[in-house]
Amino acid sequence: MRRMTRMPRMLHMPQAGTEFLGSDITDRRESGGFALTTDALGDAAILTVDLGIFDRAAVFKAAYWVTDKVYLYFLPFGGEGDMNSLKIEIRPKTLGKASVEQLARDFANSLIDFQTRQIVLRETAGSRDILLHRAFGEGHKHLNPDTLS
Amino acid sequence: MATTRLIDHALYPRQAVSEARTAYKDYCMVRVEPMPGNKATLTIDVLPLHADREREVILSFLNFALDKALETQLANL
């Protein structure tokens, strides 16, 4: 699959004044499409993912894929009924070994990969079903051992 | 030092949080306080025996809860 080198536009910076509940942030700055914060647990990057552009399935799969490499935390949805964007906090497993900025960029790329797969899955669903039907449909001829050649 | 995190049960089903609490009961004590809007505050207290690994315990607990939540979410999609 062709790798994308630019940060996706749909990963935008949280608006000024956004409160990240439950975290006593001591420093906050913004870089390349995400917010970088520091609190008692160290550095973190916070991505805001537009769920109008990315499927939930893609976001969940991308997150599941990377939890063995980074620490992730999904911040609560915003106000009542506002489930259009999701904020994801990313932290390195080991302090000082990896830049949170790089981890965030890697996660963003992974998100694009999984979203592309979702699109391909949707576009090829019909063909896939036909192929599976043809492949396994032959099986009914062999339900009776007497018909086996 | 206790760490608090606000979670949304639309993302973290109660069962996922419960499983994480059980899995990490030897490492930390987690209090769950229900909040309006299907949310809850988690207060995570690392047990003294593991105080030197506080960051690892807290973040691993949250990762475990998220893993369980994602398994549920993906199964329901």
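**Briefing: chains A and B of a predicted model**

With 77 residues, chain B would have a radius of gyration near 11 Å as a compact globule, and its value of 12 Å agrees. That radius is taken over C-alpha atoms, and the globule rule is 2.2 Å times the number of residues to the power 0.38. This is a predicted model, in which local features need pLDDT of at least 70 and side-chain atom pairs count only at pLDDT 80 or more, while totals for chains, interfaces and linings use all residues. Residues are numbered from 1 along each chain as its sequence is written, and chains are lettered from A and ligands numbered from 1 in the order in which they are written.

**Chain B: overall**

- The C-alpha trace of chain B spans about 40 × 25 × 15 Å along its principal axes.
- Chain B has two helices and three strands, and their order along the sequence is β-α-β-β-α. Helices (H or I, at least four residues) and strands (E, at least two) are DSSP runs, numbered from the N terminus.
- Of the 77 residues in chain B, 32% are buried. A residue is buried if 20 or more other C-beta atoms lie within 10 Å of its own, exposed if 12 or fewer, and partly exposed in between, with C-beta atoms placed from the backbone.
- Taking contacts in chain B between residues at least 6 apart in sequence, 63% join residues at least 24 apart. Two residues are in contact if their C-beta atoms, placed from the backbone, lie within 7 Å.

**Chain B: the sheet**

- Three strands of chain B form an open sheet in the order β1-β3-β2, with antiparallel pairing. Two strands pair if DSSP finds at least two bridges between them.
- β1 (3–8) and β2 (28–35) of chain B are at the edges with a single partner strand each, so one side of each has no neighbour in the sheet.
- From one strand to the next, the twist averages 25°.
- Eight bridges join β2(B) to β3 (residues 39–46) of chain B in the antiparallel sense.
- E33(B) is opposite T41(B), which belongs to β3(B).

**Chain B: helix α2**

- Helix α2 of chain B (residues 54–76) has 23 residues, which at 1.5 Å a residue should span 33 Å; the end C-alpha atoms are 33 Å apart, in agreement. The expected span is 1.5 Å times one less than the number of residues.
- α2(B) lies across β1, β2 and β3 of chain B and runs at about 150° to β3(B). Axes are lines fitted to C-alpha atoms, for helices over the stretch in contact, and angles run from 0 to 180 degrees between N-to-C directions.
- Buried residues of α2(B) include V57(B), F61(B), L62(B), A65(B), L66(B) and A69(B).

**Chain A**

- Chain A has three helices and six strands, in the sequence pattern β-β-β-β-α-β-β-α-α.
- Of its 149 residues, 29% count as buried.
- For contacts in chain A between residues at least 6 apart in sequence, 58% join residues at least 24 apart.
- T37(A) is in strand β3 (residues 34–39) of chain A, and T37(A) counts as buried because 23 C-beta neighbours are inside 10 Å.
- T37(A) and L121(A) are 84 residues apart in sequence and 36 Å apart in space, C-alpha to C-alpha.

**Contact between the chains**

- The contact takes 20 residues from chain A and 20 residues from chain B.
- On the chain A side, α1 (56–66) and β5 (70–74) are the elements that give two or more residues, and α1(A) has the largest share, with six residues.
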